[in-house]
Amino acid sequence: MLNNVNNSTETKPSLWKSILIQKLSNKVVILLLLLASLFFSYIVFKFGIIGGSIVLTLLVGIPILYGIVAYPKFGITILIIASFFINYFSEMVPEIAPIGTLLDAITYLLILGFFIKQKREHDWSRFKNPISYIILIWLAYNFLEVVNPWATSRLAWVYTVRTVGFIMMMYFVFVYHIRSVDFIKFLLKLWLAFSCIAAISAFQQENIGFFWFEKDYLYADPLRVSLLFINGHMRKFGIFPDPVTFSYNMVVAALLCIALIMGNHSLRKKIALGFMAAFFLFVMLYSGTRAAYVLVPASLLMLAVLNFNKKVMLFAVTAGLMLGFLIVMPTSNPLIKRFQTAFNPSDDPSYNVRAENQKRIKPYILAHPIGGGLGSVGVWGRRFSPNSELSKFPPDSGYVRVAVEMGWIGLILFCTLIYIALYNGINYYYRIKNPELKNYCMAMILIIFAFNVGNFPQQALVQYPSNVLFYLAIAIIVACMRLDNEEQAKIMAQPLANEHKLQKWS
């Protein structure tokens, strides 16, 4: 009788649970697979290579899309990988291929996954800090630019906000999902691994030659060749879209290595990091980007200020003497000659042209407090409003571009964002007690500082992967402070818990 009761109360598994348990032994699964194979075979037979590509995209793409939303760490990893290699892969496919929408899709899916997770947890405490507040204000200002009355094109805003506004939202995604020191370590290893690939690619371009698809990309546009071929030497760019992006990313990767060397790592790791830093700075010279040369001493000066001790000061003085020797030494090497001109900008014709352009655009900036609208200059300006005066203006500097597109109000907001990020980052660095987290925080401060010094002579934060890495660095600073607070709270709670136990036993 008891057995009968037990049998009657047992719940039968649902159809999908039985399918998952039985898998290929289930007749429904076999039937579905058979129908799917017939359908995909028909698609390939009917549409050929295009049909096969669609099938492959569905089979591979759908699981990846689900993984990005359901597993945010996987999604963040995919975003970083795509941001490094998207431009390189775009060289292999026709220009009409909408490969840029891939990063847009990953970004939107991560944002969707963030809101789904946040709906369940309802925890906004991670974002209660000055950096999050100013980024929210800056984000809102970017979106409000859509109603800018001086903007000549709304489509230019749509295309520009993709790589400005939505990438900015990645800061909140990063802060929310960086919940352990191990994940920070994983992201930094990923960063250095792909930087190594980029450095090797530039080394190959300089010493072995361009691959066939790189040559096709390079010579497809005569203007591109004219900009890159200087003094009989082709500037190198590795896997990145241009030499400026390449050189800046090599500098920040080298700074990351230098900062990590100062952490509590084994001698073997420190030697490996030292070789990587030297390699990054060496191949950076292939880019011929003078602005990048200034970033290294400027960032090392910041490092010396943050770590005011004998070892660091000795290193800074030694590096300064070596730099001074490189600047004044006589040489016939074109790379070193170009390096020397970076520290004497008054003799640089291109710098003088930029200074003249900035002087010419200054009255427009003062007369338009909210600027001419996102995308009014550069590529999107020439595409969507080719007859406007701003579309013909070469912004060069990232700060000048912000001032032209978003006005002096936008420039003040952007500079405030940078100030608050660095101010709070330095404050967090001195407050953090965990040596490992302290070291990571210092590395991110150097990277943010370098990007922003480089944003004055060039546009440092508009191309992938620089825009993604910039907000990742800010998010890691916030995450380091939060993780250290959590760790210190646990340490403080432990004696109280032990005292409570002793009182209970007594």
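The legends below describe an overview and several close-up views of one predicted protein model.

In this predicted model, local features need pLDDT of at least 70 and side-chain atom pairs count only at pLDDT 80 or more, while totals for chains, interfaces and linings use all residues. Residues are numbered from 1 along each chain as its sequence is written, and side-chain values use heavy atoms, with hydrogens and water left out.

**Figure 1. The protein chain as a whole, with 20 helices and two strands.** Helices (H or I, at least four residues) and strands (E, at least two) are DSSP runs, numbered from the N terminus. Of the 506 residues in the chain, 47% are buried, where buried means under 20% relative accessible area, exposed means over 50%, and partly exposed lies in between (1.4 Å probe, protein chains only). The accessible surface comes to about 26,800 Å², and 70% of this surface belongs to carbon and sulfur atoms; such areas come from the Shrake-Rupley method with a 1.4 Å probe, and for residues only the protein chains shown count as cover. Among contacts (heavy atoms within 4.5 Å) between residues at least 6 apart in sequence, 76% join residues at least 24 apart.

**Figure 2. Helix α12 and its buried face.** Helix α12, residues 267-284, has 18 residues and reaches 26 Å from its first C-alpha to its last, close to the 26 Å expected at 1.5 Å a residue, the expected span being 1.5 Å times one less than the number of residues. Leu273, Met276, Ala277, Phe280, Val283 and Met284 are the buried residues of this helix. Seen down the axis of α12, these residues fall within an arc of 140°, so they line one face of the helix; the arc is that of the directions from the helix axis to the C-beta atoms. Leu267, Arg268 and Phe275 are exposed on the face of α12 turned away from its buried side.

Figure 3. Leaving aside residues up to four places away in sequence, Ala199 touches Phe246, Met250, Phe279, Phe280 and Val283. Ala199 and Leu281 are 82 residues apart in sequence, and their C-alpha atoms are 9.2 Å apart in space. Helix α13 has 17 residues and reaches 26 Å from its first C-alpha to its last, close to the 24 Å expected at 1.5 Å a residue; this helix is mostly covered, with 13 of its 17 residues buried.

**Figure 4. A salt bridge between Lys185 and Glu436.** A salt bridge is a side-chain nitrogen of Lys or Arg within 4 Å of a carboxyl oxygen of Asp or Glu, and a search of the whole structure finds four of them. The side chains of Lys185 and Glu436 meet at 3.9 Å, N to O. Because Lys185 lies in helix α8 and Glu436 in helix α19, the pair ties together parts that are 251 residues apart in sequence. Lys185 counts as partly exposed at 30% relative accessibility, and Glu436 counts as partly exposed at 29%.

Figure 5. Glu405 is buried, with a relative accessible area of 3%, and Arg401 is buried at 14%. Glu486 is partly exposed, with a relative accessible area of 39%, whereas Arg482 counts as buried at 14%.

**Figure 6. The cis peptide bond between Tyr464 and Pro465.** The bond that joins Tyr464 and Pro465 is cis, with an omega of about 0°. Most peptide bonds are trans. Pro465 has its place in the loop between α19 (435-454) and α20 (466-505).

**Figure 7. A nonpolar surface patch that includes Leu35.** Leu31, Leu34, Leu35 and Leu38 make a nonpolar surface patch of about 400 Å². Patches are made of residues with over 30% relative accessible area and no salt bridge, with like charges joined within 9 Å and nonpolar side chains (Val, Leu, Ile, Met, Phe, Trp, Tyr) within 5 Å. Leu35 lies in helix α3, residues 27-70, and counts as partly exposed at 49% relative accessibility.
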